[in-house]
Amino acid sequence: MRRRRYDWAWNATALNSAFNHLGDLLPEGVTFFALLPEPEPAFLTSAFTAASAAKFSLQSVALRTEHDAVQVVWKNEQKRKAKKTSADILLNAIQEYLLLRGEPAPYLHIHAAGLIALAEADSS
């Protein structure tokens, strides 16, 4: 879906509608590949939130620079139960990412690391 607006709540709602429809079409457990062009923190948040709310679990993410599309693999898990996440998961993930990296990181990468940790906690 091509982004036409910078209203991220609207974008998340539209993406969630698309994910819900896709979930109805795909059998349980099927994975799919997506490209998220022009990544920025709010766009990633709206896409990851929409997919999670539609019961898709994050399988993998490839993120290079803010100029490259983000590559994402999600899995249809419509029958899984939603789990609560906490601020501790987010804080620990960001700290771990920065410690492993061992150098300053762009905000986009830090934001993505937090989103990935929240998605992984939701799918486990």
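In what order do the elements of the chain run from the N terminus on? The answer is α-β-α-β-β-α-α. That comes to four helices and three strands. Helices here are DSSP runs of H or I with at least four residues, strands are runs of E with at least two, and both are numbered from the N terminus.

A word on the source. This is a predicted model, where local features need pLDDT of at least 70, side-chain atom pairs count only at pLDDT 80 or more, and totals for chains, interfaces and linings use all residues. Residues are numbered from 1 along each chain as its sequence is written, and side-chain values use heavy atoms, with hydrogens and water left out.

Now the chain as a whole. It has 124 residues, and 35% of them count as buried. Buried means under 20% relative accessible area, exposed means over 50%, and partly exposed is in between, with a 1.4 Å probe and protein chains only. The chain exposes about 7600 Å². Carbon and sulfur atoms supply 56% of that area. The areas come from the Shrake-Rupley method with a 1.4 Å probe, and for residues only the protein chains shown count as cover. Next, contacts, meaning heavy atoms within 4.5 Å. Take those between residues at least 6 apart in sequence: 68% join residues at least 24 apart.

On to the sheet. It is open, it has three strands, and the order is β1-β3-β2 with antiparallel pairing. Strands pair if DSSP finds at least two bridges between them. Which strands stand at the edges? β1 and β2 do, each with a single partner strand, so one side of each has no neighbour in the sheet. The twist averages 25° from one strand to the next. Six bridges join β1 to β3, residues 70-76. Six bridges also join β2 to β3.

What packs on this sheet? Helix α1 does, touching β1, β2 and β3, and its direction makes about 110° with that of β2. Helix α2, residues 41-53, lies across β1, β2 and β3 and runs at about 10° to β3. Axes are lines fitted to C-alpha atoms, for helices over the stretch in contact, and angles run from 0 to 180 degrees between N-to-C directions.

Look at β1, residues 31-36. In a regular strand the side chains alternate between the two faces of the sheet. In β1, the covered face holds Phe 32, Ala 34 and Leu 36. The uncovered face holds Thr 31, Phe 33 and Leu 35. Phe 32 is buried, with a relative accessible area of 17%.

Last, the aromatics. Rings of Phe, Tyr and Trp (its six-membered ring) pair if their centres lie within 6.5 Å; planes under 30 degrees apart count as stacked, over 60 as edge-to-face, the rest as tilted. The count comes to seven aromatic pairs. Phe 19 and Phe 56 form a tilted one, 5.5 Å centre to centre, with 50° between the planes. Phe 19 lies in α1 (residues 8-25) and Phe 56 in β2 (residues 56-62), so the pair ties together parts 37 residues apart in sequence. Both residues are buried. Phe 32 and Phe 56 also pair, edge-to-face, at 5.3 Å centre to centre and 85° between the planes. That pair links β1 to β2, 24 residues apart. Phe 56 has 2% relative accessibility, and its bridge partner in β3 is Asn 76. Finally, ring pairs link Phe 19, Phe 32, Phe 48, Phe 56 and Trp 74 into a cluster.
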